[in-house]
Amino acid sequence: MDLKYYRLKIPMKSPFTTSFGTTLDKDVIIFELNHDGIKAFSELITSEDPFYGPEDNTTAFHIIKNYLVKLIQNLPSPEKFNEISKFIRGNNMAKAAMEMLLYDYHSKVAEKPLFEFINEKPRGYANAGISLGIDKINVTLEKIQQSLDKGYKRIKVKIRKGEEVSILAPIRDHFPDIPLSADANSDYTVKDFKTLEKIDKFDLIYLEQPLYHDDIIYHSKLAKILSTPICLDESITSPEIAENAFEIGACRVVNIKPGRVGGLYNSNLIAKIASKNKGHAWIGGMLETGIGRSFNIAMASSELIDYPGDTSPNERYFSQDIVDRLFEMNDGIIKPFNSPGIGVKINESALTQFKVEEGVLS
Ligand code: OSB
Ligand code: MG
């Protein structure tokens, strides 16, 4: 088994601002496995800084290089990998990069498209929403109109403390009836419940991760006060926490990012937990390249994923992506590729253009 990595820096089409910072370039690590004529890929969803969650590119790469590479030498099934990597605590994003590499590999061995390989109930397509970063309000209004024209099924906007009303009020004035949500990326605290109550009048489908990145208890208290349903993103790091979050009423909706929960196996378990609790699930994103995106779209093509996700086609993020095939969206629907595994590979000229480092791990 040969394993290589590439570190790339890819310019984003436009800056993406959240409550925790602005992304101008995508600084990403891609893995490429070669074995017996099969080539598999995966993408690490961490970024340079630990601002979304506790891992970053450096910590995750350390875990992969010094702990996880050994565990995938015999190309275990993803389920088996989940089991044998449990003794390494946390570090889900690092684990997910290896787990998804195994999923791509094994679905290629089985000669099945990934969306069929991983989903017990494949729907065959993903419902697409868009996540818009914080901008001047006129820019946001214009981007919303363009997104609606393109067919997106749900608009999500980023908010931050002190700007919730100045962002959401003009949006609702201009677009009274659109399916709208807001994502705070953990910007509020237990002292802000009064402020958060102001959000109820905007009739959002849900409010995403208002409080602490690792909390479910305060979210369950907030959920009792708000009429707006709560969606958890950062806090849901395992199927067990998802189970608890639904049980105590901390959320009615869950944003599943395969990279945040340790991979696709856990993503499926969490989607089932949401459904069992009569909640809702959708697939989020981390501004992935076409490699990570193809895993997200495969996962989003399951019947268990009932809400539109942050799964835009490649062109929304990059003028030049690093893959040989691009997703297309029609009427807010994106179809996964119908060839084995993720169905995309690296475009060599884009790789040369954006590569800042490469190396061999095995
Ligand atoms: O919280 O969902 C988030 C991007 C980076 C970090 C966190 C988040 C996001 C997004 C973008 O909302 C989703 C996407 O389009 O990939
Ligand atoms: Mg989020």
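1. The space taken by ligand 1 is the largest pocket, where a pocket is, on a 1 Å grid over the protein atoms alone, an open set of points with protein on both sides within 12 Å along at least five of seven lines. A molecule sits in a pocket if more than half of its atoms lie within 2 Å of its grid points.

2. This is a predicted model, in which local features need pLDDT of at least 70 and side-chain atom pairs count only at pLDDT 80 or more, while totals for chains, interfaces and linings use all residues. Residues are numbered from 1 along each chain as its sequence is written, chains are lettered from A and ligands numbered from 1 in the order in which they are written, and side-chain values use heavy atoms, with hydrogens and water left out.

3. There are 17 residues around ligand 1, of which Ser-131, Asn-185, Lys-257, Leu-287 and Tyr-317 come nearest; a residue counts as near if one of its heavy atoms lies within 4 Å of the molecule. By residue class, this shell divides into seven charged, six nonpolar and four polar, with Tyr counted as nonpolar and Gly as polar.

4. Oxygen atoms of ligand 1 take part in polar contacts, that is, pairs of N or O atoms within 3.5 Å: the distance is 2.6 Å to the side chain of Tyr-317, 3.0 Å to that of Lys-158 and 3.1 Å to that of Lys-156. The protein covers 97% of the 390 Å² of accessible area that ligand 1 has on its own, by the Shrake-Rupley method with a 1.4 Å probe.

5. Seven strands form an open sheet in the order 5-6-7-8-9-10-11, with parallel pairing; strands are DSSP E runs of at least two residues, numbered from the N terminus, and two of them pair if DSSP finds at least two bridges between them. Strand 5 (130-132) and strand 11 (280-283) each have a single partner strand, so one side of each is left without a neighbour in the sheet. Three bridges join strand 5 to strand 6 (residues 155-158), and Ile-130 stands opposite Ile-155.

Technical notes
A polar contact is a pair of N or O atoms within 3.5 Å; within protein, one must be able to donate a hydrogen and the other to accept it, and residues adjacent in sequence count only if both atoms are side-chain atoms. On a 1 Å grid over the protein atoms alone, a cavity is a set of points where a 1.4 Å probe fits but cannot get out, and a pocket is an open set with protein on both sides within 12 Å along at least five of seven lines; lining residues have an atom within 4 Å of a point. Helices (H or I, at least four residues) and strands (E, at least two) are DSSP runs, numbered from the N terminus.
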